Amino acid sequence: MKPNLTQERLRNLLSYDPETGYFRSICRRKKIPLGAIVGSTNKHGYVAIGIDWRRYRAHHLAWFYVYNKWPDGELDHINGNPNDNRISNLREASSTENKRNALGRNSRKNRKSRFKGVSRTRDNKKWEARICVNYKCLRLGNYLTEEEASAAYEAKAKELFGEFYRPPSPIPP
């Protein structure tokens with residue numbers, strides 16, 4: 001469902017700086033001084049802004065403010081920072097593409113590696129690299145070190161994900 005908010009209404013309430021990604025108040029609203037940066041960050045790191053009794057994610061508002069259309073699919077933060085709403089950091093993406101660009105996080109509590117796509121083999125002597133694409137997991141091989149396994153994951157991810165590839169960062173122990 002597309003919001004009823006018009007670009008004219010948005011521009012009457014807020015100004016947007018595409019260089020910083022910040023929205024500022026340009027009209028008097030309850031408890032919000034003129035020129036103040038608006039929005040609050042949710043638990044996932046996204047900035048949300050309330051307009052006319054509805055909450056919008058700031059990156060969607062930025063897209064609408066600049067292009068006068070709501071995104072067709074999802075919006076991807078190119079650098080992976082959901083708080084960075086500069087227009088140069090936003091691009092339209094499918095849900096799958098957006099997930100490919102997600103930061104390398106392994107949410108399992110029993111993880112055995114610091115790298116995305118890397119785990120110990122059953123005998124616990126080597127490191128295995130795997131990558132999942134279109135609901136299929138590809139086994140990339142076994143390696144002596146987790147760094148070698150991570151390098152194999154990165155090489156395959158670059159090949160498969162193209163512009164939506166981001167090098168995985170090590171997960172703190």
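**Notebook: salt bridges and the disulfide**

I counted ten salt bridges in the structure, taking a side-chain nitrogen of Lys or Arg within 4 Å of a carboxyl oxygen of Asp or Glu. I am working on a predicted model, where local features need pLDDT of at least 70, side-chain atom pairs count only at pLDDT 80 or more, and totals for chains, interfaces and linings use all residues. Residues are numbered from 1 along each chain as its sequence is written, and side-chain values use heavy atoms, with hydrogens and water left out.

Entry one. I looked up Lys 69 and found its salt bridge to Glu 92, 3.7 Å from N to O. Lys 69 sits in the loop between helix 2 (58-67) and strand 6 (74-77) and Glu 92 in strand 7 (residues 90-93), so the pair ties together parts 23 residues apart in sequence. Helices (H or I, at least four residues) and strands (E, at least two) are DSSP runs, numbered from the N terminus.

Entry two. I turned to Arg 114. Its closest N to O distance to Glu 147 is 2.9 Å, a salt bridge. Arg 114 lies in the loop between helix 3 and strand 8, Glu 147 in helix 4, 33 residues apart. Arg 114 also bridges to Glu 146, at 3.4 Å. I checked exposure (buried under 20% relative accessible area, exposed over 50%, partly exposed in between; 1.4 Å probe, protein chains only). Glu 146 is buried at 13%, whereas Glu 147 is partly exposed at 42%.

I found one disulfide, meaning cysteine sulfur atoms within 2.5 Å. Cys 132 and Cys 137 form it, with sulfurs 2.1 Å apart. The link is right-handed, with 75 degrees about the S-S bond.
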